[in-house]
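Have the sequence and the 3D view open beside you.

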Amino acid sequence: MKTLIRTALTVAALATAAAACTSTAQTPEPAPLDLSKDVRLVAYSSCDDMLAGLRQKAAENVGPWGFGPGIQPFGAREMVQSDTAMTAKATPEHSTTNVHEAGVDEPDLVKTDGNRVFTVTNGRLRVIDTATKKVTAELELVKQDQPGGFMSGDLLISGDRVLVIYRGGMAMLEKSFAPQMQTAYILVDLSGKPKVLSTVRPQGEHVDARMVGSTVRIVTRSQPDIKFPQPKDRVGEEQLKKINQEVVRQAPVEAWLPKIEITDESGTVKKDSVACERVSHPADYTGTSLLTVHSLDLAQGVTAAGTDPISLAADGDTVYGTGQSLYVASNPRWWWPSGPVMLEDTPVEPPPTPAATPDTASATPDTASTAQAPAEEPSPTEPTPTATATPTTTATPTATPSDVPPVDPTEPARPTPVIPPEETELHRFDVGQAGAPKYVSSGKVPGRLLNQYSLSEFEGNLRVATTQSDQKTSSSSVYVLKADTLARVGEVGGLGKGERIYSVRFIGPVGYVVTFRQVDPLYTLDLRDPAAPRVTGELKITGYSAYLHPAGDGRLIGVGQEASDKGRTLGTQLSLFDVSDPAGPRRLSQMFQKDSGSEAEWDPHAFLYWPKTGLTVIPLSGYKDNTTGAMVMKVDQSGVTKLGMVKHPKQTQKEYSYQPGIQRAMVIGDELWTVSYEGVQVNDATTLAEKAWIPVT
């Protein structure tokens, strides 16, 4: 049995490595689906039917203070490194955005096609020629003296078309949809003089996007545009809730239908909304949130069909996509009667690793080593970086005493609140055809997702890893669902009791799950039989890996934090695991940098692995040692070797200077390109000698 599992793992790892060297490799997809019954069962029969259903559900879920805030999307997006081969003689070999599924691109703050590098900073799109290292084109999208002009945008590229994604806060949006977080998608043509072809402003918040070929699927989330009356003095919460329920019952259908504004090249504005017949709902829903999937072919631009949107009466904050499927998952909202749920003896985690600040100006020698991390712990007063990659959610705000109206003494006492079940909702859309996607099915699993890497579609099944917790303990499980119905097929539980998931990676029929509390168990899972997934091996070491990346035959890279035996984080570590024997995973090598954190721990887009040479780069933010920059390493089958540090020029502002924090790294030809908020630097990929600095101006 061990031999069979090892063979399956080796084949999967080789397939992953092959996918990392081409942009055309595809993950196996489910067979075509018969959607006729599924969609008819969940679509509204008319606008009146839709309005009645949404009013009823929303009235059941509205509270004394309205619907409450929407859940903020988590930007930890993870991936398989997808390295594009040479597409033409003049195009150098180059890395691309580190993505979850090969052939499915994800938005990121920098893109390259090998000949050009694209960035958006301070509201301005810049194009850098990789041969001359010069900025060859610029286009102002948002004026810097406007609110939001300082913002950076995420990018998707296809040929000479660039889609710039702004997540909100832009003055150019004015008061289009004041109650909602404002979002804009700007399509730019670079075939000649750069120009904006169209700007799409959807109602609601940007969740995420995926691109296959030149077609982008964009997911947004909106709440009903309903204005609730201001609470009056001496009105209790139960009465406020009744008032709000009546407001909901009187709201028109337009309050729910997501609106869209499209501005074309000439400045003409077209306003539209999602039609009733294009709104569906799962069997169970709240009526307080709608997910909308927009489709945009960058090659064709915005056509008469607009973004061809469809909506689903559901919530969502995590997007995962393959060539055929788009999944949107909604984590349960944090809920507590008086404070957050904490596990007993759980180590207190420090705040996220900060960006470079002026106090990092003085550099000292690095302390990276391939040896085991030191056993001593920092003093309690020393800051320690975090590596938590948990999705951020927002609870209903707690009102201050001055905000709460006096309680009516005649009002009956409220019943003791009941903690809702901790469940993750999953929704699948079929995106295998051109045009609008089709809503397929919805399902639920117990617990909470970490991020999109907790999801993986393989041979007609969806694997889902979650952590379920209560006020005393927690444990994690992996569930296998049928992709077409999202019905549960099998599960394996009891992983990391008293701990939570810190990273997940599925590679073909094998899965890896890291949990952590004081030590880091790395579990290997045999998923060949969907009805009977099982744990095959476990490795316990101090610290944890917050991101896992395949590195060839039987090897796995982990990026995270080393920790003491008490669970106190000590600094960034990169580990190379030998997982060729699923029953006996082991760590071959470790690189440790004391008192530091890496953006790659929570955003896999910041991780670079170049299979051709083993070049591996992660950003670092240091504390005492001022190791802010990018750590460059070589990973081969036997271990990890540090090659050096890349740092951007120190910046001076008035009376202080600081070391810029590097955010991304790319391989283009024989050069290493790194990106920070202050500019782009080019180094020799072998010697690390600096070759060019291109500042943001």
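**Exercise 1: an aspartate and its partner**

The side chains of aspartate 208 and arginine 210 are joined by a polar contact of 3.1 Å. (A polar contact is a pair of N or O atoms within 3.5 Å, where within protein one must be able to donate a hydrogen and the other to accept it, and residues adjacent in sequence count only if both atoms are side-chain atoms.) This is a predicted model, in which local features need pLDDT of at least 70 and side-chain atom pairs pLDDT 80 or more, while totals for chains, interfaces and linings use all residues. Residues are numbered from 1 along each chain, and side-chain values use heavy atoms, leaving out hydrogens and water.

Task: Find the strand that holds aspartate 208, then decide whether aspartate 208 is buried or exposed.

Solution: 
1. Aspartate 208 lies in strand β11, residues 205-212. Strands are DSSP runs of E with at least two residues, numbered from the N terminus.
2. Buried means under 20% relative accessible area and exposed over 50%, with partly exposed in between (1.4 Å probe, protein chains only).
3. Aspartate 208 has 4% relative accessibility, so aspartate 208 counts as buried.

**Exercise 2: the whole protein**

Task: What percentage of the 697 residues is buried?

Solution: Buried residues make up 57% of the 697 residues.

Notes
Helices (H or I, at least four residues) and strands (E, at least two) are DSSP runs, numbered from the N terminus.
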